[in-house]
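Okay, everyone, thanks for coming. Let me put the model up, and then I'll walk you through a few spots.

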Amino acid sequence: MADKNLRKQVHINEISEAAVAGVAGKIFYHDPVMLKECLEGLNIKPNGTYSDCTLGGGGHSYAIAQNLGPEGTLHAFDRDEEAVAFATKRLAGVAPKFIVHPVQFSELGNEIEPNTLDGVLYDLGISSHQVDDSSRGFTFVGDNPLDLRMDRRENVSAQEWLRSVSADDLAAALRKNADMDRAFKLATRIKDSVSEIAAEGRDVRPSDIKTVVEAVFPDKRREANSLLARVFQAIRMEVNGELKQIEDSLRAAVDCLKVGGRLVVMSYHSVEDRCVKETAAEFEKACICPENLPVCVCGGNHQRLKKVNRKPILPSADEINRNSRARSAKLRIYERV
């Protein structure tokens, strides 16, 4: 019989929209995408132990906490000091034990013991608040100096990275992180612009990058904002080491999960999704022998993950209508075996 002290699980429809969206006074922080699907994917046990590796404004964490009882535990990771402060205040007084780890989520394996988690959630990318706050330099709207750091306490900003990176490495980043066409031409023009701006003694601004993008893609004026968003994405992912962070954290998550535990990952563009797929695939294989071997010699018992959903789950049309930032989301769910 279930422990009577465990709190009854709360259906997502019973949670107030304002609480889930992250509204403090008149400040809107975060509108979590596919919240119902994430909770169902985690298959939450009221007395379980879970980790939200991308705390942000705490939307997903708040909903997870509502489904946990006093014997449950929720770990949360975020290196953005603003997000940590906001979410910590927001989740004060929740029933489960709530532990914030103010470090990058690739530190999961150093913070959590192996085989102790019932579920791990990732909501990759940047939060609505980071995009909407032009002072953070995550957006090309406004004219604040580029920054693009998830954690502004770290030393290397977009300014410094653009000054130090070679045109070849910048082009490689544009291809790898954003599938950009004309990557070398664009990288060369950006480097020339950055050098001229440095000679003027000022910082690189969004308008400077926009000018370069428009010059390199004169035939794609109507796509200028989309192209610029991809350039910012590519630079941001290098500044924050995002793909390496994802790979390292997912591998650690597999170690931290109990057998039967769930790995739930939501991504927003093809580069992140490909990284998730390829990293998870390492753990879906039973045989890890080199492909050129005629017979298996490894024992064929190395599988540690299996897909719960064969294809990624996509947001509904209703959700996209309510929140346009949900339109590109893909949700993948795995179970530890």
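**Strand E6 and its surroundings**

So, strand E3 (residues 49–52) and E6 are parallel, joined by three bridges. Quick note on what you're seeing: this is a predicted model, where local features need pLDDT of at least 70, side-chain atom pairs count only at pLDDT 80 or more, and totals for chains, interfaces and linings use all residues. Numbering runs from 1 along each chain as its sequence is written, and side-chain values use heavy atoms, with hydrogens and water left out.

Strands here are DSSP runs of E, at least two residues, and helices are runs of H or I, at least four, numbered from the N terminus. Two strands pair if DSSP finds at least two bridges between them.

Back to E6: leucine 121 in that strand sits opposite aspartate 52. E6 also pairs with strand E7 (residues 257–267), again in the parallel sense, over six bridges. There, leucine 117 has leucine 257 as its bridge partner.

How many residues of E6 are buried? Seven of seven, across residues 117–123. Buried means under 20% relative accessible area, exposed over 50%, partly exposed in between, with a 1.4 Å probe and protein chains only.

Now helix H4, residues 81–90: its buried residues are Ala83, Val84, Phe86, Ala87 and Arg90. At its start, a side-chain oxygen of aspartate 80 comes within 2.9 Å of the backbone nitrogen of glutamate 82.

Last stop, valine 297, in the loop between helix H13 (270–284) and strand E8 (305–307). Valine 297 counts as exposed because its relative accessibility is 63%.

Terms used
Polar contact = N/O pair within 3.5 Å; in protein donor to acceptor, adjacent residues only side chain to side chain.
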